Every structure is written in structure tokens, then in C-alpha cells.
Amino acid sequence: MGSVTSVGPPGDDPGCRGGHADIAEYVGDPDDMTDNTVDTRRRRFLTGTATVIGGIGAGFAAVPFIASFQPSARAKAIGAPVEVDISKLEPGQRMIQKWRGKPVWIVRRTPAMIDGLKSFSAGVLRDPDSTNSAQPLYAKNVWRSEKPEYLVLVGVCTHLGCSPGFVPEMGAAGMGNPWNGGFFCPCHGSKFDLAGRVYIGVPAPANLVVPPYEFVSETRLVIGVDKENPA
Ligand code: FES
């Protein structure tokens, strides 16, 4: 009759060759088939149990791992288009709507503001035709907008990302000449006109970005709809 002993973890016993800390191992007469058979069954049982438990554990561990690849509802919402009611926006005013974590400005320009966009002489604006600036095709014009009356811009300075202030008054004090209204970034002094076009001689390298948008009625628009490249 053999005996059953417990084998400790590696390091407990200089002679230990394995790491079966909790698995009983047969030590004794190799011809004693009764004990040997019982122990073999027990070992298979323990090995099988460990395999099943390990498989279940791996399954549970895989669930959050796979789930982490699925975009959350919040992540989807952050990138989703945003519908804006502009019915209360008066001529000459600006409203701000958050989209993809950034401020988006909607300015309702007056007829004088629209006229003022055409009156700049050469040498005032860095990129008057928006050749090196980001905007949808329908906004690549002197107004940088689909409708001359409404300007839609991402309100983030193209220099280092500050949000410029709105200075709509023509000839406003401290803005230099010419100034037909526009946006001033106080971080490093960049200036933009009322179409978001950057002045020459300031740190910002490009016009303000026009996001994709679409009018769904006379008083509502949706920011984030790419109608030039529909999904
Ligand atoms: S971040 Fe606007 S001028 Fe530098």
C-alpha cells in the first residue's frame, strides 16, 4: 500500500520538480495498482476540473476585453451630428454649439457684414480664397458658407487651439485697420475676419475651419453631416 503526500510549491523542497502545490501525488509501490488507479482517477478529475474552471475564467476575462473594442453609446454620441435651432439668432449675433467636444460658432451676418467681406485690399488676408484652408466645397467662397447670411465655424484658433473672441463692430478699438468685424485670439494676437479668414502677420497659419453642415429648414441646421461624402 502506498501513501499519499502533498508536494509543495517550487522552492519548498530542493527536490521538487513541479509546481503542483495542491495536487496530491502518489508516492509508493508502483505495483500497487489499487492505490495507483484511484490516484490516477483523482488526478484526471482534478486536472479536468482545473481545465474547466480555467476555461470559464478565460471566457469571463475575454468578455470585457472584447467589449472594450465596441464603441460606447457615449463615444457614438460625441461624434454624432447635432441639430441646432437658429430661429432666435438675430442679425449680428453669434451662438455657440458644442460638437465633438469643440465649440462651433453660428454667426448671422448683417448685409453690411456681408458687404464688408468683399472690401479687403490685397495684402490684408493670408489666404483670401481659402486655398490652403479646411472647409467643405460649398463653403469655398468669399463668405466661406453655404448661405451668405449664416457663417458656421469651428471656434478653435488654428495657431495653438485657443478659442478666439467675437469682435463684430466695424473699426473696433485696438483691432487695427482695416477691421470690418471678426474674431480676435487673445493668446498670441491672431485676427480673423467675419468669414474666419486669417490676417497676414499673425501667428495663426490658416483660416478657421468650417465643419460640414446642412440646413434642414430655414431655421434649423445640422452640424456634422457630410453631404459631400455621405456614409
Ligand atoms: S492660439 Fe490663437 S494666436 Fe495662438
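**A guided reading**

Modeller: Helices (H or I, at least four residues) and strands (E, at least two) are DSSP runs, numbered from the N terminus. Residue numbers start from 1 along each chain as its sequence is written. Please keep in mind that this is a predicted model, where local features need pLDDT of at least 70, side-chain atom pairs count only at pLDDT 80 or more, and totals for chains, interfaces and linings use all residues.

Colleague: What is the phi of arginine 144?

Modeller: Arginine 144 has a positive phi of about 55°, although it is not a glycine. Serine 130 also has a positive phi of about 55° and is not a glycine. Serine 130 lies in the loop between helix 3 (111–116) and strand 6 (150–154).

Colleague: Why does arginine 144 count as buried?

Modeller: The general idea is a count of neighbours: a residue is buried if 20 or more other C-beta atoms lie within 10 Å of its own, exposed if 12 or fewer, and partly exposed in between, with C-beta atoms placed from the backbone. Arginine 144 counts as buried because it has 26 C-beta neighbours inside 10 Å. Serine 130 is buried too, because it has 20 C-beta neighbours inside 10 Å. In the protein chain, buried residues make up 21% of the 231 residues.

Colleague: How many helices and strands does the protein chain have?

Modeller: There are three helices and 11 strands. Read from the N terminus on, the elements run β-β-α-α-β-β-β-α-β-β-β-β-β-β.

Colleague: How do I read a sheet, and which strands form the one with the order 4-5-6?

Modeller: The general idea is pairing: two strands pair if DSSP finds at least two bridges between them. Here three strands form an open sheet in the order 4-5-6, and the pairing is antiparallel. Strand 4 (94–99) and strand 6 stand at the edges with a single partner strand each, so one side of each is left without a neighbour in the sheet. From one strand to the next, the twist averages 20°; for such angles, axes are lines fitted to C-alpha atoms, for helices over the stretch in contact, and angles run from 0 to 180 degrees between N-to-C directions.

Colleague: How many bridges join strand 4 to strand 5?

Modeller: Six bridges join strand 4 to strand 5, and the two run antiparallel. Methionine 95 stands opposite isoleucine 106 in strand 5. The two strands form a hairpin with two residues between them, and arginine 100 in the turn has a positive phi of about 50°. On to the next pair: five bridges join strand 5 (residues 102–108) to strand 6, again antiparallel. Tryptophan 105 stands opposite leucine 153 in strand 6.

Colleague: Which residues of the largest nonpolar core touch the most other members?

Modeller: First the general idea: in soluble globular proteins, nonpolar side chains tend to be buried together. A nonpolar core is a set of buried Ala, Val, Leu, Ile, Met, Phe, Trp, Tyr and Cys residues joined through C-beta atoms within 7 Å. In this model the largest such core has 27 residues, and Val104, Leu151, Val152, Leu153, Leu194 and Ile223 touch the most other members. Strand 5, strand 6, strand 8 and strand 11 each supply at least two residues of this core.

Colleague: What does proline 211 touch?

Modeller: Two residues are in contact if their C-beta atoms, placed from the backbone, lie within 7 Å. Not counting residues up to four places away in sequence, proline 211 touches Trp99, Val104, Val152, Val154, Ile223 and Gly224. Proline 211 and tryptophan 99 are 112 residues apart in sequence, yet 9.6 Å apart in space, C-alpha to C-alpha. Proline 211 lies in the loop between strand 9 (190–193) and strand 10 (213–215).
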